[in-house]
Amino acid sequence: MDATNRPEQQPEQQPEETLRDTRAWYQSKLMKRLRRSPLAVLGVVILVAYVLIAIFSPQLTHDRLGRGCMRDLGVTPTTSERLLNPTDPVFWRAIVVPPGSCFRIPRASFSPIPQPPNAEYPLGITGGGYDILYGLIWGARMAFYIGILVTGISLGLGIVVGGLAGYFGGWFDNLLMRFTDTVLAFPNLILAMVFATIFGAGLTNVMVALALVGWPAYARIMRGEILRVREQEFVDGARALGANGLRIFFKHILPNSLAAIIIVASLDIGAVVLTAAALSFLGLGAEVGFADWGQMVNFARQYIKGPPGDPFGYWYVSLWPGLAIVVFVLGWNLLGDAFRDVFDPRA
Amino acid sequence: MIAFIIRRLLMLPVVIIAVSIVIVGLLQFLSPAQRAAAFVRSEQQLRNIDAIIEQYQLDAPFPVQYWNWASEAVQGNWGYSRASSEPVLTTIRKRLPASIELALLALLPVIGLGIWLGTAAALNQEKLVDQATRILSILGWSLPTFVLGIWLLVIFYGGLDWFQPGRLSNQYIIEMASGGFTTYTGMMTVDALLNGRFDIFVDALAHLVLPVITLAVVSSAQITRVMRTSLLDALSQDYVRTARSKGLPDRSVNLKHARRNALIPVITLSSLAFAFLLNGVVVTETIFNYPGIGIWAATAAVQLDVPAVLGFALVTAAIVVLANLVADVLYAVVDPRIRYD
């Protein structure tokens, strides 16, 4: 269990160093090339926009919050302006720990017929009266929750297992690598589907399933990195100075192995959100009315054909949630693409 | 080579056993009563859960349970699927050909488009074509199957009504139900031609257009990228420079010397892409209501129909192993330097 805690402590030991290096980091070859690539900049702009939307989702939707959400936040329709005031504690509470009821999309009506965009509901209303704009804004928050939580858990598992395999080697290493071979060869959506079936539907179970599917990839990278770093001269140096095995591992090998895997993992967040959305789309994730993009696209399947005489009549029900996902994934891919370019100019 | 293929085929049961151990093992997290649900077919049985648990030894230790499952599975009893109301193996036999047909048809545009665009991009490195291809492939890669599928359905079915979901038009389904159409392979396009029914062939093809586009977009973007990288790599090789210095025309150097060698990783990737098309097949079939194993598995997953999902996972594992085998064999075929002994 010792190994689980160490990696998280690592960043705390370095703040001074990073602070000093900030300028150098900004001027580094990597950052220069990233800044020069317009596509990478576009990717960053897209992602920053999504992050801001996710953080300020309570503020952006303060005038359209559902009743349950307002009650749990302790505001009323007339006092919901308080959410806009940073000196009011409720401003911060809504940002940091919004009540779960805020993820329920408020219903404008109970009519099964979607309503086209209008001044009050700029993106329209789906059947069942769900406000599309609200769903997308809180869906962005949900997407980051899912992406960061799932990636974090699989990363932690991957670091521990890969670290153990790299450190001990031998039969354990062999067994692990054969196992990860099998898991990695398996289409990830199908594997997550199998897990979600056994655990039962629901967003939490989908996240558990995704974490279980995700860690072998990280374990593999981690193991490779450990094997690479272990051969480097400063490790020999430490050994020559008389450091013991555990100290060398935690002080020298582990910190130097983490950089690559953390970059890979953070770029994976987009893919994780996508798989989660696909599972939600298949009906394994969030239930109807929950602010989750995949669920909203799934719900849109009931409105493929418009009302008689107006075949495109319900376009907004499927366009907006789909677009939210596509642009989000595009942002991650643009960034990932630029990173790959920098590390391997040929690719 | 033959020995290599046989050795790899012997791996197939090993992988199947490993996957089934993992899944049956995961089932141990459920209570015996939940596991018993897989055997319930009628309401009367529902009142007798304890009897079912006893009958199938569902509270026995894991090795016993796995042995019970495996000995039944080997005899062809993969359990009963509530989602399709028939035995799992029967459903797989009926539906697998439809999914294979869909995935194979999607593979054609994937490979064709990928090689063509990738070549164009690499030969015009850093020029307009390259940049355009790059943006296109990032866009295509960012289009999730389920979003693209829904959009295509809204436009071409909901709005324009050019293509319908499903596998065949109603008139042909009725005609087939009344007999006179022999099923040879289970792949509708092939069967239609074998029956000499060109009209059914066209109808089946029309139903495949949207699903194939939906499936193909993401994978072609990937192949395009690999093709571009691989061709750029080949173009910088010494033998390409030699060919050029001999005075061979550009076209011949690019397409004969460089591209042939650049195709090697693409061919490998294509057979792996086939396995990963299965990911998309689940989603695509669900959107277009296409009666393959994907939509069945998705329905089964929502209904917590464990035997069905287990069966589907085993079929997927088998396809993955076979696709890997095909990749390795093709690898040796196109690259004479590679020999498996």
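These questions and answers cover a predicted model of chains A and B.

Residues are numbered from 1 along each chain as its sequence is written, and chains are lettered from A in the order in which they are written. In this predicted model, local features need pLDDT of at least 70, side-chain atom pairs count only at pLDDT 80 or more, and totals for chains, interfaces and linings use all residues.

User: How do you know what confidence chain A has?
Analyst: By pLDDT, the predictor's confidence in each residue, from 0 to 100. The mean for chain A is 81, and 90% of its residues reach 70 or more. Residues 1-16 of chain A stay under 50.

User: Why are residues of chain B said to be in contact with chain A?
Analyst: Because a contact means two C-beta atoms, placed from the backbone, within 7 Å. By that test, 45 residues of chain B are in contact with 40 residues of chain A. Of the side of chain B that touches chain A, α8(B) gives the largest share, nine residues.

User: Which classes make up that side of chain B?
Analyst: It has 35 nonpolar, eight polar and two charged residues. Nonpolar here means Ala, Val, Leu, Ile, Met, Phe, Trp, Tyr, Cys and Pro; charged means Asp, Glu, Lys and Arg; the others, Gly among them, are polar.

User: What scores does the model have?
Analyst: ipTM 0.84 and pTM 0.84.

How values were computed:
Helix = DSSP H or I, 4+ residues; strand = E, 2+ residues; numbered from the N terminus.
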